[in-house]
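These are my notes from a first look at one chain.

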Amino acid sequence: MTHPLIDRLVTDFDWPRLSTMHDVAAFVAAPGAHCLFVPGDPRRNLESADVAVILPELHMTFQRAFDCAVVADAIETQVRTAANVLKTPSLIFYRDGLPLGGIPKVRDWDDYIARIPRILNPRAA
């Protein structure tokens, strides 16, 4: 099940929807930092649509310091388990194919602003 605000990330922003673990591995292995949006079921979790609106704003605020993709329903559990970020919706950050950390659920804006730099640059924190 998808939601129009989640679909918009793929259709309007041209972010890939990753449907296999092979797709995930290829995406996160590319140079740079990456953010996977694991929405969960938007029918059961109203926060999924909220994070779908917040993520493009974070992407711009952090001056595109990371690229973004949406994880398809079929592999959400595998992605969350591999990154040890078990709640949805979640944002999971990667570099060099490895998970750096995640932010589950909806957060206050200031929390995102504080946590994302620490995740992307743990040595600077």
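Entry 1. I began with the strand order, working from a predicted model. I found an open sheet of five strands, in the order β1-β3-β2-β4-β5, with mixed pairing. I then asked which strands stand at the edges. They are β1 (17–18) and β5, and each has a single partner strand, so one side of each is left without a neighbour in the sheet. As a reminder to myself, strands of a sheet pair through backbone hydrogen bonds, either parallel or antiparallel.

**Entry 2. Strand β4 and its partner β2.** I next looked up how β2 (residues 33–38) is joined to β4, and I noted six bridges, with the two strands running antiparallel. Two pairs of residues went into my record. Leu 36 stands opposite Ile 92 of β4, and Phe 37 has Leu 91 of β4 as its bridge partner.

**Entry 3. Strand β4 and its partner β5.** I turned to β5 (residues 98–104), which runs antiparallel to β4 and is joined to it by six bridges.

**Entry 4. Burial of β4.** I asked how many residues of strand β4 (residues 90–95) are buried. The count is five of the six, so the strand is largely enclosed by the rest of the structure. For the chain of 125 residues, I noted that 43% count as buried.

**Entry 5. The chain as a whole.** I listed five helices and five strands. Along the sequence they follow the pattern α-β-α-β-α-β-α-β-β-α. The radius of gyration is 13 Å, close to the 14 Å that the globule rule gives for 125 residues, so the chain is as compact as a globular protein of that length. I recorded that the C-alpha atoms fill a box of roughly 40 × 30 × 25 Å along the principal axes.

Entry 6. The chain exposes about 6,600 Å², of which carbon and sulfur atoms supply 53%. Lastly, I noted 13 positive and 15 negative charges, whose mean positions are 6 Å apart.

Methods
Residues numbered from 1 in each chain as written. Predicted model: local features only at pLDDT ≥ 70, side-chain atom pairs only at ≥ 80, totals over all residues. Heavy atoms only, no water. Buried < 20%, exposed > 50% of the residue type's maximum accessible area, 1.4 Å probe, protein only. Helix = DSSP H or I, 4+ residues; strand = E, 2+ residues; numbered from the N terminus. Pairing = 2+ DSSP bridges. Rg over C-alpha atoms; globule rule 2.2 N^0.38 Å. Areas by Shrake-Rupley, 256 points an atom, 1.4 Å probe, with all protein chains shown as cover. Lys, Arg positive; Asp, Glu negative; His and termini not counted. Charge placed at Lys NZ, Arg CZ, Asp CG, Glu CD.
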